[in-house]
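Hi,

Here's the structure I promised to pass on.

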Amino acid sequence: MSTVHLRPVERLVFFTDAVVAIAMTLLILPLLESVTDAAKEGLDTGGYLRAHDGQLVAFALSFVIIAAFWRGHDRLFEHVEKQDGVLLRPNVAWMFTIVWLPVATALIGALETDRLQLAVYIGTMLATSLIPLSMRWWLGRRPALVGPGFAATASALTAPGVSTGLFALALVLAVTVPGLQFWSLLVLLLEPLVAAVLRRVRHP
């Protein structure tokens, strides 16, 4: 395949970073609105924190998870030097899921929690985790896009693959186990352990 249409990747990375930063900022907007509403209702600080504890936890969780997603994206593109149209499309899709996550987060606390809300919230995270796997696969097939140091081996896919699998497990548990709801995301804490076990199995 010709390399005529290959372009430097820096503009794509900068644009993606800006989108992530905006998405992280948007997470706070529902809380700012709820503070105004609480003032009108005459709530004190403790009353506000009790009334909006779900929103506050969702904000903190989504902020941390978006930061983790950004870090993973940063590591993926660390050795990428060029971009093509195939790489651009999943990256745009990834940005879409990042921008959508503040909307999914805003549903929490504003509406009653149900299976659809859980599916939208955790499902968005699953999509955000899954898309980079396709980008890594494509970069492994297009050496012209990457520089020295890029790894497309099974070992390099272990951590992101485990993370995606745990998001899928969290989604299934959230919508099938009554009362578990967002607590299912605690399975993400198992990622280092599961990844270490898989590496040991692969390289005894």
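Below is what turned up, starting with the helix packing and ending with the cavity.

This is a predicted model, so local features need pLDDT of at least 70 and side-chain atom pairs count only at pLDDT 80 or more, while totals for chains, interfaces and linings use all residues. Residues are numbered from 1 along each chain as its sequence is written, and side-chain values use heavy atoms, with hydrogens and water left out.

Start with helix α4 (residues 53-76) and helix α6 (residues 115-141): their axes come within 11 Å and cross at roughly 5 degrees. Axes here are lines fitted to C-alpha atoms, for helices over the stretch in contact, with angles from 0 to 180 degrees between N-to-C directions. Helices are DSSP runs (H or I, at least four residues), numbered from the N terminus. That crossing makes α4 roughly parallel to α6 (under 35 degrees; over 145 is roughly antiparallel).

The contact includes Val20 and Met24 of α1, plus Ile66 and Trp70 of α4.

Last, there's 1 cavity of 30 Å³ or more. A cavity is a set of points on a 1 Å grid over the protein atoms alone where a 1.4 Å probe fits but cannot get out; lining residues have an atom within 4 Å of a point. Its lining includes Leu27, Ala58 and Ile108.

Cheers

Methods:
Helix = DSSP H or I, 4+ residues; strand = E, 2+ residues; numbered from the N terminus. Parallel < 35°, antiparallel > 145°, perpendicular 65-115°, else oblique. 1 Å grid on protein atoms, 1.4 Å probe; cavity = no way out; pocket = protein on both sides within 12 Å on 5 of 7 lines; lining within 4 Å. Points joined across faces, edges and corners; volume = space filled by probe spheres on them. Contact = heavy atoms within 4.5 Å.
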